[in-house]
Amino acid sequence: MSVAAAASTTNATTTTTTATTPGGINNLPTNPKVSPMTQEQTKNSFWSSNPISSFVIDTYSQLHNHRNSLDLANPGTVENLNKEVSRDVFLQPYFFTGLRADLNKAFSLNPAFQTSHTFSIGSQSLPNYAFSALFADDNLFAQGNIDNDYSLSGRLNYGWDKTNISKVNLQIANGQPSMCQLEQDYQGSDYSLNFKSLNPAFNINNKTGSLEFSGVAVGSLLQSVSRNLSVGLEVLYSKTQASAPPDTGISYLTRYVSSKQDWIFSGQLQANGSLITSFWKKVSPNVEAAIETTLQASMLPINDPMTGTPIGIQPTVEGSTTLGAKYEYRQSIYRGTIDSKGKVACFLERKVLPTLSILFSGEIDHLKNENKLGCGLQFETAGNQELLMMQQGLDAEGNPLQAPVQ
């Protein structure tokens, strides 16, 4: 119960007001003529007089002030730790085989709404036909895909504000188990938090009556420790069967960006014993180069040559290195890679018209004596007259658009 008492004197030069908190304990009187700092110190006299709490408060204050003085920036997400190498330079996200034709149609730009039809023949990874639709605005991103085998996949991202983003990925494939992934991103001023769960489920244990979690849960933290260096870790918890014990692991991450942002180094020490390091370099305004090295430590059983029974284990380390380059020009983009296992691959995207692009991908594996080849066409069409004029380099009145200054 709150009780408030006020005492005032007409001829007095000061006025003192006393109030109680909901807990019923009176706070010390506050004087409006006293500085706010003095009032705050008076109110927190208990915490400041306590040696343990005083030490904790002073330590936190010093760390907070030192952290603000460093002027740190957000390091980005763990998902994009080495995106300059894996997504920009290397061609794994773009490589395909067989014949392919894409028909993309944009209906609006803000908000963005686009549909796509993909046809392929002789591809090892692409379906014969796939339809996808995309919608995006300032807060929402939604994309759905369905193919000729009735395999359905979708992705939904929603930004609650500039720091919080919720993500949902769904996949229902014909003849394969379904997949559902829930994810939450938080972008702090100098750190990033990410929590995701794959096929989460909560079951009640019949023996103990307790609530148990099954699925895969991953939590990661990436923290900037200087203007160029950031470190982090990722914790994995996996329990696919209720009767089986869970699997856990911790991965360590680091990322270093040069002051001029013309080269980036990233490293990952994963829980399974593999070490992945990558280096990206901006050679020129149109050329980028990257190298990635992977080392995998494992244990191989040693069998008796006579009986074939295992008699021990032998530690082994396997590794591979991939070197890649990207050449980006006005009408074309070329990507090429070569690795230590004798595999050479390239991907070329050439825009011959504002609405037509030619795609070419090839790979030669010298050790396995295998090769792969892919050719494709990509059409860009407009769903309204305004977008059609923009694709042709004209404004709404048919006048040429002004080219941006290089």
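Which residues does G336 touch, not counting residues up to four places away in sequence? G336 touches L91, L323, G324, A325, A345 and C346, where contact means heavy atoms within 4.5 Å.

This is a predicted model, in which local features need pLDDT of at least 70 and side-chain atom pairs count only at pLDDT 80 or more, while totals for chains, interfaces and linings use all residues. Residues are numbered from 1 along each chain as its sequence is written, and side-chain values use heavy atoms, with hydrogens and water left out.

**The chain**

The protein chain has five helices and 21 strands. Both are DSSP runs numbered from the N terminus: helices are H or I with at least four residues, and strands are E with at least two. Of its 406 residues, 25% count as buried. Buried means under 20% relative accessible area, exposed means over 50%, and partly exposed lies in between (1.4 Å probe, protein chains only).

G336 is found in strand β18, residues 332-339. With a relative accessible area of 13%, G336 is buried.

S274 lies in strand β15, residues 274-284, and is buried at 3% relative accessible area. Its side chain joins that of N272 in a polar contact of 2.8 Å. A polar contact is a pair of N or O atoms within 3.5 Å; within protein, one must be able to donate a hydrogen and the other to accept it, and residues adjacent in sequence count only if both atoms are side-chain atoms. Leaving out residues up to four places away in sequence, S274 touches Q268, L269, L295 and Q296.

**Salt bridges**

The structure holds ten salt bridges, each a side-chain nitrogen of Lys or Arg within 4 Å of a carboxyl oxygen of Asp or Glu.

| Pair | N to O distance |
|---|---|
| E79 and K167 | 3.8 Å |
| R255 and E84 | 3.1 Å |
| D102 and R100 | 3.0 Å |

E79 lies in the loop between α3 (51-69) and α4 (83-89) and K167 in strand β8 (residues 164-172), so this pair ties together parts that are 88 residues apart in sequence. E79 is partly exposed at 44% relative accessible area, whereas K167 is buried at 16%.

R255 lies in strand β13 (residues 247-257) and E84 in helix α4, so their bridge ties together parts that are 171 residues apart in sequence. Both R255 and E84 are buried.
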